[in-house]
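Student: Could we go through this protein together? I would like to learn how to read it.

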Amino acid sequence: MSVTVERRGHLLLIGLDRVDKRNSFTTDMLAELAAAYGELERDSDAWVGVLFAHGDHFTAGLDLAQVAPTRTGGSGLPLAEGSVDPWGVSGAVRTKPLVAAAQGWCLTLGIELLLASDVRVAAEGTRFAQIEIQRGIYPFGGATVRMPQAAGWGNAMRWLLTGDEFDAAEAHRLGLVQEVVPLGQQVDRAIELAERIAAQAPLGVRATLASARAALDDPSGALARLGADLQPLLASEDAAEGVRSFVERRQAVFTGK
């Protein structure tokens, strides 16, 4: 197996683990990661995911020697039943929040994994490049859509159209990552942020995520749905607990119900 999965409280830790190949993706590894994302969706006690990489590097991208001969048509990731596309290009949409941590090389589909997650942390010294354009193709894991959304048109085109390398400080300026931390602290910081999210009401967190995503494609539609989408939350046990904890001046204990 090239992907590790560990439950830690309400977190599901998902680790890229093909260290000897800089965590470059084979077809099997792509399938394993999709299966891990599916597990995050199915596990009712896993409220937040954390994506990280073992070893010195996040990922060097696709293992082209192994993957290229298998990709003769289409850009979507073939998904087994119960799996979820980590790049959010095809199939079911991930509904639970995901915090990602990167270090070392973060190339091509590694950047796109970050863009498809919700909160990103990078270690100082992380090096990024979207180099598909230098290989005769183009980013097909979502960067052409999500990088302009995150960074703005000119900032995105600066890197997508050249394939040039950029550093963690530039990734932070672009909004590709939200925090830059000393090397070796990126996973701990991602877990800390994930635990902060997991401490909130899970139904509210997922509703917030869904509303924000809907607004990217249809702002007026997302606004129109705010009231209707609020109603089931108001009727939830967690909403009642939120009120009780406020009155009793204590930390709320949410159950996701």
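Predicted model: local features only at pLDDT ≥ 70, side-chain atom pairs only at ≥ 80, totals over all residues.

Student: Where is I14 found?

Tutor: I14 belongs to strand β2.

Student: Is I14 buried or exposed?

Tutor: I14 counts as buried, because its relative accessibility is 0% and buried means under 20% relative accessible area.

Student: Let me step back. How many helices and strands are there in the protein?

Tutor: The protein has 11 helices and 9 strands. Its radius of gyration is 19 Å, close to the 18 Å that the globule rule gives for 257 residues, so the protein is as compact as a globular protein of that length.

Student: What box do the C-alpha atoms fill?

Tutor: Taken along the principal axes, the box is roughly 60 × 40 × 40 Å.

Student: What share of the residues is buried?

Tutor: Buried residues make up 44% of the 257. The accessible surface comes to about 12,600 Å², and 55% of that surface belongs to carbon and sulfur atoms.

Student: What about contacts between residues at least 6 apart in sequence: what share joins residues at least 24 apart?

Tutor: The share is 67% of those contacts.

Student: Which residues lie nearest the centre of the largest pocket?

Tutor: They are L115, A116, R146, R213 and L216, out of 28 residues that line the pocket. The lining divides into 14 nonpolar, 7 polar and 7 charged residues.

Student: Which helix gives the most to that lining?

Tutor: Helix α8 gives the most, with 6 residues. At least two lining residues come from each of α3 (109-116), α4 (143-151) and α8 (202-217).

Student: How many residues of α3 are buried?

Tutor: The count is 8 of its 8 residues, and α3 is mostly covered. Among them are L109, E112 and L115.

Student: Which residues are buried in α5?

Tutor: In helix α5, which covers residues 153-160, A156, M157, W159 and L160 are buried. An α-helix has 3.6 residues a turn, so residues three or four places apart point the same way.

Student: What do the buried residues of α5 pack against?

Tutor: They pack against α4, β8 (165-167) and α6 (168-174).

Student: Let us turn to the loops. Where is L62?

Tutor: L62 sits in the loop between β3 (48-53) and α2 (64-67). It is partly exposed, with a relative accessible area of 21%.

Student: Which residues is L62 in contact with?

Tutor: Leaving aside neighbours within four places in sequence, L62 is in contact with S24, F25, L30, V67, T108, L109 and F140. L62 and T108 are 46 residues apart in sequence, and their C-alpha atoms are 7.9 Å apart in space.

Student: What is the phi of R22?

Tutor: The phi of R22 is near 55°, a positive value in a residue other than glycine. R22 lies in the loop between β2 (11-16) and α1 (27-42), and it is partly exposed, with a relative accessible area of 42%.

Student: And what is the phi of R249?

Tutor: The phi of R249 is near 55°, again a positive value in a residue other than glycine. R249 is in the segment after α11 (237-247), and at 80% relative accessibility R249 counts as exposed.

Student: One more: what does E41 touch?

Tutor: Not counting residues up to four places away in sequence, E41 touches V84, V93, R94, T95, K96 and R206. E41 itself is in helix α1. From E41 to S83 the C-alpha distance is 8.9 Å, with the pair 42 residues apart in sequence.

Student: Finally, is D188 buried or exposed?

Tutor: D188, in helix α7 (residues 186-198), is exposed, with a relative accessible area of 56%. The C-alpha atoms of D188 and S236 are separated by 32 Å, and the two residues are 48 apart along the chain.

Note on methods. Residues numbered from 1 in each chain as written. Heavy atoms only, no water. 1 Å grid on protein atoms, 1.4 Å probe; cavity = no way out; pocket = protein on both sides within 12 Å on 5 of 7 lines; lining within 4 Å. Helix = DSSP H or I, 4+ residues; strand = E, 2+ residues; numbered from the N terminus. Nonpolar A, V, L, I, M, F, W, Y, C, P; charged D, E, K, R; others polar. Rg over C-alpha atoms; globule rule 2.2 N^0.38 Å. Buried < 20%, exposed > 50% of the residue type's maximum accessible area, 1.4 Å probe, protein only. Contact = heavy atoms within 4.5 Å. Areas by Shrake-Rupley, 256 points an atom, 1.4 Å probe, with all protein chains shown as cover.
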